Amino acid sequence: MGKLVEFRIVICVLFVLSKWGVQSFELDPFLSRNSSSDVSFLESMSHLESVYGVAAAAVPPDALMVGLTLVQGAAAKRAVCLDGTLPGYHLHRGFGTGANSWLIQLEGGGWCNNLRSCIYRKTTHRGSSTLFEKQIPFTGILSNKPEENPDFFNWNRIKIRYCDGASFAGDSEDKATGLQFRGQRIWLAAIEDLMSKGMRNANQALLSGCSAGGLASILHCDEFRSLFPGSTQVKCLSDAGLFMDAADVSGGHTMRSFFAGVVNLQGVKANLLSTCTSKLDPTSCFFPQNLIASIQTPLFILNAAYDSWQVQESLAPPTADPQGNWHDCKLNNERCSSSQIQVLQDFRNHMLSAVRDFSASRQNGLFLNSCFAHCQSERQDTWFADDSPIINNKPIALAVGDWYFDRASVKAIDCAYPCDSSCHNLLPLMLLLR
C-alpha cells in the first residue's frame, strides 16, 4: 500500500475516532448507542465507509468536485425530503461525443421503517437538504477522466441525492410529526428538471444507483425507459441493490420485517411494479429477487456475493446474534469458522438462485464477485484502477461498458470464497490501524 493511501487512511481513522470514539464497530455510530431493531437499518454508505476506514483511500486527491443544485418548484409538487426541504442533485455536464448521453446515479443510504427512525433520519443528510454537502467528489462511474471511467467519462453525469428513506418509492405523510414520505415525487421532480435541461433529447441514457439507490434503479427502471423515445438507448445498472429475502442466523427474517415497515409506513405499495403486486404481497415486491426477471429494460446487476452490509445487518444482525458469536467473523471474514463460512456459502447460493432466470435473458448483464464489499461502482479503486476486482481478467468498468454498448455479453459469476485474490474487502477500523 502506498504511503499516500496509508496517510489518507490514517486521517480518516483519526476523524472517525475523534467524532465517534471506538466503542463499537456498528455500521452507524448512532446505532451503537441505540440498539433496538427499529433503528438498526439506518444504513449509510458514508457511515459504512467511515467506520471501515476506506472512504479517504477511495477518493483520489484530484477528484472532480461537483456542486449541489436544489430542485426549484419541487415544494409545489410536494416533492420534498423527510423534513420538507427541497430535494437536490449534482450535475456535471457532458462534453464531446458524450454531450448528448446521460447517466443518472441514485444515491444510497438505507431506509427508515417507523416514526422513530424517520424522525432521527430527518436530522441527518439522509432526510434534509439543509445538511447536504454543497460539493461532492465524482469518482468511479461518475469520474470525468477517461483513465478512471473509460466509457462514461464525458457523459452528462448526475447524482440525485437521497432524502426520503424508501428508495425513492414512497408517497405519504405523517401530519403529527411533520414527516414527508415523498420519494416517488422526488424522483419525478428531479427527472423532470433534468429533462428540461436537455435529457429529453438524449441518444443514450443509463439509470444507476448504489445500495438503497441500487434497489431504486430496479424499481424505476422501466419507468425511466418510458420517458424516452424508442430511438434512445436506455439501460439500468443496480450496484449492491440485490437485497435478499433470506433467513438470518437465528432463523428469523430480519430484512423482511424491516422492509414491511418501510413499505407500510411510507406508502410504497402504490408505486411498486404491478406485475409483482398482482401476484405477491407488497413487501415481497420490495425485494429485487421478485422483480428482476420481469423488468423489460436491459438491466445489469453488480453485486458482491458476500455483500458486507447484508452480512452485517441482514444475515447476522445483533438482534439475531445476541451472544455475539458472529462478531469476529463480521469484522474480518478470515476469522469466520467453518460453520460460518458454510452459512455465507448458503447465502451466496441463494443469491445465485435468485438471478438464474434473470441472467438467462440476453439483454441483461451480471457481475457477481466473491468479495466482502458493498457499492463498487462509485469507488475508484473498485470501479477501474490498476488493482481493481476482476472476473475473467475483466474489471467492473469494462464489464459494464461492454454490456451497455453491446460489445460483449457479460454474465460474470465468480468462483466461491476464498478463490478471488483481486477483491477489495471492506476491513474494520482496528485492522487498518495494525
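Which handedness does the disulfide of C221 and C236 have, given the torsion about the S-S bond? The torsion is about 100 degrees, so this disulfide is right-handed.

## Basis

This is a predicted model, in which local features need pLDDT of at least 70, side-chain atom pairs count only at pLDDT 80 or more, and totals for chains, interfaces and linings use all residues. Residues are numbered from 1 along each chain as its sequence is written, and side-chain values use heavy atoms, with hydrogens and water left out.

## Disulfides

The structure holds 8 disulfides, a disulfide being a pair of cysteine sulfur atoms within 2.5 Å. In the pair C221 and C236 the sulfur atoms are 2.2 Å apart. C221 lies in helix α8 (residues 221-225) and C236 in strand β9 (residues 233-239), 15 residues apart. Helices (H or I, at least four residues) and strands (E, at least two) are DSSP runs, numbered from the N terminus.

Another disulfide joins C371 to C423, with the sulfur atoms 2.1 Å apart. Its torsion is about -80 degrees, so it is left-handed.

## Helices α11 and α13

Helix α13 (residues 338-354) packs on α11 at an angle of about 110 degrees, with the axes 12 Å apart. Axes are lines fitted to C-alpha atoms, for helices over the stretch in contact, and angles run from 0 to 180 degrees between N-to-C directions. The two helices are therefore roughly perpendicular (65 to 115 degrees).

Q310, V311 and L315 of α11 meet V343, L344, F347 and M351 of α13, where contact means heavy atoms within 4.5 Å.

Terms used
Parallel < 35°, antiparallel > 145°, perpendicular 65-115°, else oblique.
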